[in-house]
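Okay, thanks for making time, everyone.

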Amino acid sequence: MITFDSTYFEPKATLECGQVFRYTKLGEQDYIILSADKRARVYIKGDATYIDTDEEDYFTRYFDLKTDYKAITERLSAFDELGEKVSGGRGIRILKQEFDETVLSFIISANNNIPRIKGIIERLSNSFGTNKGEYFAFPTVEQLRDVTAETYRELGSGFRDRYLASTVNTLLTTDISERIKKASTDEARKLLCTLSGVGGKVADCILLFSLSRTDCYPVDTWIFKSNRSDELDTPEKVRRHYLKRYGSDAGYAQQYLFYNAR
């Protein structure tokens, strides 16, 4: 059992801010979270957040518990436009998710809604992942080696079927994963965008929510609406402006804005 100050770790804020899809809500601040082949229950009791799991080291890393979010919120609160947003979302933590799972999950997420994304991922896991008894693990790319685009479509992926089949093959047959992990953020973003079904926004999400590249600023519909102006009239202009403004804290700022916008 892991215990943590709930001021800087709220399950709801962390899990319902668009960065992860394999969770089940049991109560207002009570969730089951699945990652790769691991499972934890995360809940608030009193002033503490509890992580009930047999994989304490894994989930300490997963929930980024060794990073000082008090210092991050203090830095970002200095920006006039962020003060209220940071205060409302300070329980968010940026997750450190498994790379392949994040890539495939965010390809599935493109132009999709949360319930449908969650359903596709569960069907994929139940069909090809390892049976862990109470749940199925997210399938490895090895387990997905022979899955066809037609099968992905049968699982409900829609037009993303060919993207999933192509990207699984690329992850299996090339060293792109290692190249991405070792590259600078800009270069890693370019490499990610060579994967089928990965555009700039999805690449930024993968970098932020898997590789902790907090010098990323994913711009979706919610962020664009919140940030747009006469000068910042395209998602790319918004992204570049706020990357420059927030620097290495841009990813944290994006999550506080996203959580409040929704």
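Before we start, one term: when I say contact, I mean heavy atoms within 4.5 Å. And keep in mind that what you see is a predicted model.

Let's begin with helix α6. It runs over residues 114–128, which makes 15 residues. From its first C-alpha to its last it reaches 21 Å, close to the 21 Å expected at 1.5 Å a residue. At its start, a side-chain oxygen of N113 comes to within 3.0 Å of the backbone nitrogen of R116.

Now, which residues of α6 are buried? They are I117, K118, G119, I120, I121, L124 and S125. As a reminder, an α-helix has 3.6 residues a turn, so residues three or four places apart point the same way. And what covers the buried residues of α6? The cover includes β2 (23–27), α5 (99–109) and α7 (149–154).

β2 takes us on to the strands. β2 and β3 pair in the antiparallel sense, over 4 bridges, and they form a hairpin with 2 residues between them. If you want a landmark, K25 stands opposite Y31 in β3.

On its other partner, β3 is joined by 6 bridges to strand β4, residues 38–45, and these two run antiparallel. Y31 turns up again here, standing opposite V42 in β4. β3 and β4 also form a hairpin with 2 residues between them, and A36 in the turn has a positive phi of about 55°.

Next, the start of the chain. M1 sits in the segment before β1 (2–5). At 46% relative accessibility, M1 counts as partly exposed. Setting aside neighbours within four places in sequence, M1 is in contact with Y43, Y50, I51, D52, T53 and E56. For a sense of scale, M1 and F136 are 135 residues apart along the chain, and their C-alpha atoms are separated by 22 Å.

Over to helix α13, residues 235–246, where we find R239. This arginine counts as buried, at 10% relative accessibility. What does its side chain pair with? The side chain of R239 makes a polar contact with the side chain of E236, at 3.0 Å. Beyond the neighbours within four places in sequence, R239 is in contact with R189, D204, Y217 and V219.

Last stop, the cysteines. How many disulfides does the structure hold? The count is 0. C205 is in no disulfide, and the nearest cysteine sulfur, that of C216, is 9.1 Å away. C216 is likewise in no disulfide, with the sulfur of C205 as its nearest, 9.1 Å away. For a disulfide to be counted, the two sulfurs have to be within 2.5 Å. As for accessibility, C205 is buried, with a relative accessible area of 6%, and C216 counts as buried too, at 1%.

That's my tour. Happy to go back to any of the pieces.

Definitions and conventions. Residues numbered from 1 in each chain as written. Predicted model: local features only at pLDDT ≥ 70, side-chain atom pairs only at ≥ 80, totals over all residues. Heavy atoms only, no water. Expected span 1.5 Å × (residues − 1). Buried < 20%, exposed > 50% of the residue type's maximum accessible area, 1.4 Å probe, protein only. Polar contact = N/O pair within 3.5 Å; in protein donor to acceptor, adjacent residues only side chain to side chain. Pairing = 2+ DSSP bridges.
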